[in-house]
Amino acid sequence: MPVMSNRHSEHDPETRSATLFVVATPIGNLADLSPRAREVLERVEVIAAEDSRISRRLLDGRQSRVRMIIVNEHREEAAVAELIDLLLSGTDVALVSDAGTPLISDPGFRLVSATHEAGVTVSPIPGPSAAIAALSAAGLASDRFHFEGFLPARSGSRTRRLMELSDFPQTLIFYVPARDLTEILDDLVVVMGGQRRAAVARELTKLHETIRRDSLEALRDWVKADPDQRRGEAVLVVSGHPDPQPAIHAQALARELVNELPPSRAAKILARLTGMTRQQAWQQIQTQTNQTK
Ligand code: SAM
């Protein structure tokens, strides 16, 4: 989509500037809808929602007036074109998902990206997100974290992904339907070791909210023993690798890799094995390549 001219000049009274508001909504407790979020949802003419039935619950008495356009994984592309036309014609739109912050393991990325491309203002109305709520209460290092979201459903791909994550020094955050907790904790124990610290944060902000921090092995046994822990929704927060590879090891590994492989492949493997970013790994490989010349 082409970038449009700036339609939002404050000096042009003819032009009505529209905004796409990205509105976070409660993850369980409806009292967590912020006053600003409520005000925006009451004011806009159009709400882009994942499921209109769920989002109408947030709207009190104005169910019949507001227009809802469905944006979900099946029709995000079609909805985006319609919503961009509305925004360009001066209609404010609020984007919501079923729960929490849109785009965080939820639809909306294409719409937000296309809105920027169209030169229309995007404004967040921040609020609940299960990942941040869980991290804030897990009692595990929170200075750096890696948000992974949902793991692959297939066991083989899941194990491979967990192996890639196993050496990351940052705290890891996973979204997990609680019914899958046992299976995923089993995999984590095998791949990362039973003694790694972790926390299960289940049914946050709801009646049966439970947050428990322990070793992976103890959490796995606890979830196995209590069927209630397998109900509802959960976030799994796992400590990063407790003993990240010292830099000298990464350098030695990089030296071996550049001797055996083309640079891009060497950087990819180095990143996977050390938890470095691709860019850091690429720089390390470049340094080693220059030194061996
Ligand atoms: N966009 C949402 C957010 O910002 O948190 C996440 C949507 S994602 C489709 C749904 C997942 O979030 C669930 O499977 C669960 O892992 C997590 N989740 C959502 N609500 C939760 C809650 N009340 N307690 C624990 N986890 C929750």
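Strands here are DSSP runs of E with at least two residues, numbered from the N terminus. Strand 10 gives the most to the shell around the ligand, with three residues. This is a predicted model, where local features need pLDDT of at least 70, side-chain atom pairs count only at pLDDT 80 or more, and totals for chains, interfaces and linings use all residues. Residues are numbered from 1 along each chain as its sequence is written, and side-chain values use heavy atoms, with hydrogens and water left out.

**Who's around the ligand**
- The ligand is surrounded by 19 residues, counted when a heavy atom lies within 4 Å of it.
- Asp106, Ser129, Ala130, Tyr175 and Ala234 are the closest of these.

**Polar contacts**
- These are pairs of N or O atoms within 3.5 Å.
- The side chain of Asp106 has an N or O atom 2.8 Å from a nitrogen atom of the ligand.
- A backbone N or O atom of Ala234 sits 2.6 Å from a ligand oxygen atom.

**How covered it is**
- On its own the ligand exposes 580 Å², and the protein buries 92% of that (Shrake-Rupley method, 1.4 Å probe).

Notes: A polar contact is a pair of N or O atoms within 3.5 Å; within protein, one must be able to donate a hydrogen and the other to accept it, and residues adjacent in sequence count only if both atoms are side-chain atoms. Helices (H or I, at least four residues) and strands (E, at least two) are DSSP runs, numbered from the N terminus.
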